[in-house]
Amino acid sequence: MMTNLFSVFDPSTSILNLSLNWLSTFLGLFLIPMSYWLMPNRFQLIWNNILLTLHKEFKTLLGPSGHNGSTLMFISLFSLIMFNNFLGLFPYIFTSTSHLTLTLTLAFPLWLSFMLYGWINHTQHMFAHLVPQGTPPVLMPFMVCIETISNVIRPGTLAVRLTANMIAGHLLLTLLGNTGPVTTNYIILSIILTTQIALLVLESAVAIIQSYVFAVLSTLYSSEVN
């Protein structure tokens, strides 16, 4: 049962299908209609307002060192993750964000570039971050160890948080989907259907929230090295 349950996250065993499954990561780019680029419409106005709000928030988090190029990177990260989270809710579309292969690929290079930039250009500032202000001298060696460990595990926590949230919701939807066809009682079937619709709405909210959390935490990690 556990093998069948987790098989929904298996890309494929065929090399061709495996490549096509991972190419679905960029499917969101092809779903944007040409009218979005050519003339204003309701979707474009809503999306532009979202992007403008995110730009202002990320610029505030980055502080004086923030500029349009930095916010564009994190907004693009938010858009990529959100598109993939939403696409995973549709039937027969591979959920790439439920795999550490993708989430670690996004989180680790970002964290590594932030660390290299900080230690090369702001070495004293990075050393100061290892010991919080007001720490007693006796606790300083322990605080250095704790802060170092917390910095090292950041890409892992970013990746695992996103992956775990995507897997948890899809597992619940899969369990309810497998229970429905074998149920003969119409009352129980209607309850399962209602629960599945509610879970689908909840997963849609999780898709937005998790992409936002990933982008905001990446922005905060970037602001710490400046």
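Is Val213 buried, partly exposed or exposed? With a relative accessible area of 25%, Val213 counts as partly exposed (buried means under 20% relative accessible area, exposed over 50%, partly exposed in between, with a 1.4 Å probe and protein chains only).

A quick note before the views: this is a predicted model, in which local features need pLDDT of at least 70 and side-chain atom pairs count only at pLDDT 80 or more, while totals for chains, interfaces and linings use all residues. Residues are numbered from 1 along each chain as its sequence is written, and side-chain values use heavy atoms, with hydrogens and water left out.

**View 1. The whole chain, built from eleven helices and zero strands.** Helices here are DSSP runs of H or I with at least four residues, strands are E runs of at least two, and both are numbered from the N terminus. Going from the N terminus, the order of elements reads α-α-α-α-α-α-α-α-α-α-α. The chain has 226 residues, and 36% of them are buried. Take the contacts between residues at least 6 apart in sequence: 74% of these join residues at least 24 apart (contact means heavy atoms within 4.5 Å).

**View 2. Helix α7 against helix α10.** Here α7 (residues 100–121) and α10 (residues 154–179) have axes that come within 8 Å and cross at roughly 150°. Axes are lines fitted to C-alpha atoms, for helices over the stretch in contact, and angles run from 0 to 180 degrees between N-to-C directions. The two helices are therefore roughly antiparallel; under 35 degrees counts as roughly parallel, over 145 as roughly antiparallel, 65 to 115 as roughly perpendicular and the rest as oblique. The crossing of α7 with α10 is right-handed, meaning that the near helix is turned clockwise from the far one by less than a right angle, with anticlockwise being left-handed. On the α7 side, look for Leu100, Thr103, Leu104, Ala107, Phe108 and Trp111; they meet Arg154, Pro155, Gly156, Leu158, Ala159, Val160, Leu162 and Thr163 of α10. Sorted by type, the residues of this contact are ten nonpolar, three polar and one charged (Ala, Val, Leu, Ile, Met, Phe, Trp, Tyr, Cys and Pro count as nonpolar, Asp, Glu, Lys and Arg as charged, and the others, Gly among them, as polar).

**View 3. Helix α5 alongside helix α11.** The axes of this pair also come within 8 Å, crossing at roughly 30°, so α5 and α11 are roughly parallel. Their crossing is right-handed. From α5 come Leu54, Glu57, Phe58, Leu61 and Leu62, and from α11 come Tyr212, Ala215, Val216, Thr219, Leu220, Ser222 and Ser223. That contact splits into eight nonpolar residues, three polar and one charged.

**View 4. The largest nonpolar core, with Phe58 and Phe214.** A nonpolar core is a set of buried Ala, Val, Leu, Ile, Met, Phe, Trp, Tyr and Cys residues joined through side-chain atoms within 4.5 Å. Two or more residues each come from α5 (42–62), α6 (68–87), α7, α10 and α11 (186–224). With seven residues, α7 supplies the largest share. Leaving out residues up to four places away in sequence, Phe58 touches Thr71, Phe74, Ile75, Ala215, Val216 and Thr219. A second, separate core holds five residues, among them Leu89, Leu176, Ile192 and Leu199.

**View 5. Thr71 in helix α6.** Thr71 is buried, at a relative accessible area of 1%. Its contacts beyond four places in sequence are His55, Phe58, Lys59 and Leu62. Leu54 is 17 residues away along the chain, and the C-alpha atoms of Thr71 and Leu54 are separated by 8.1 Å.

**View 6. Met126 in helix α8 (residues 123–129).** Met126 is buried too, with a relative accessible area of 6%. Not counting residues up to four places away in sequence, Met126 touches Met115, Gly118, Trp119 and Val225. Met115 sits eleven residues from Met126 along the chain, with 8.8 Å between their C-alpha atoms.

**View 7. Back to Val213, in helix α11.** Val213 and Leu158 are 55 residues apart in sequence, yet their C-alpha atoms are 8.9 Å apart in space.
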